[in-house]
Amino acid sequence: KKKKKDFQKLLKTGASMSRAKTQFIEGYDGTKLALRSYQAHSFCQAVLVLTAATSVIFDPLADQISRMFPIIVKIVEVRGHGESSGKRGYSATKTCLWKDIKTFLHHFRFNHPELPIFLGFIFFSFLNIYLFLINL
């Protein structure tokens, strides 16, 4: 229990220090899906979407990428991860996970219609999820 509380405290501390505020969009079933945006340049050439279990840990990475290159970096947290709602560490089905990812991508396409969107992965396990979903 103490380790869990320490970890939650670390996440809250990281969130309060972040340059990016957590935003929420609504999933297909009303679930709150969390994301953070990093943009250091006024003119950007692309959107890089990174999937993470929690965005707070990767704030420095996303911030640095957005400062080094003219791109917008978005860190997204699928349901059950980070600040997104849902049962912790769990997505109900492959279809549910795919719908969450599509919700994020539609949101970014709507807000940045002129920019290409690239998917990136912070953890190898998320790459496996995407590869599996592509083959549905």
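In which helix does threonine 103 lie?

A: Threonine 103 lies in helix 3, where helices (H or I, at least four residues) are DSSP runs numbered from the N terminus. Before we go on, this is a predicted model, in which local features need pLDDT of at least 70 and side-chain atom pairs count only at pLDDT 80 or more, while totals for chains, interfaces and linings use all residues. Residues are numbered from 1 along each chain as its sequence is written, and side-chain values use heavy atoms, with hydrogens and water left out.

Helix 3 has 18 residues and reaches 26 Å from its first C-alpha to its last, close to the expected 26 Å; the expected span is 1.5 Å times one less than the number of residues.

Threonine 103 has 18% relative accessibility, so it counts as buried (under 20% relative accessible area; exposed is over 50%, partly exposed in between, with a 1.4 Å probe and protein chains only). Leaving aside neighbours within four places in sequence, threonine 103 is in contact (heavy atoms within 4.5 Å) with Ile25, Glu26, Gly27, Tyr28 and Leu33.

Aspartate 100 is also found in helix 3, which covers residues 94–111. Aspartate 100 is buried too, at 0%, and touches Tyr28, Leu33 and Arg79, not counting residues up to four places away in sequence.

The buried residues of helix 3 are Cys96, Leu97, Asp100, Ile101, Thr103, Phe104 and Phe108. Seen down the helix axis, they fall within an arc of 145 degrees, so they line one face of helix 3; the arc is that of the directions from the axis to the C-beta atoms. On the other side, His106 and Phe110 are exposed.

Key
Helix = DSSP H or I, 4+ residues; strand = E, 2+ residues; numbered from the N terminus.
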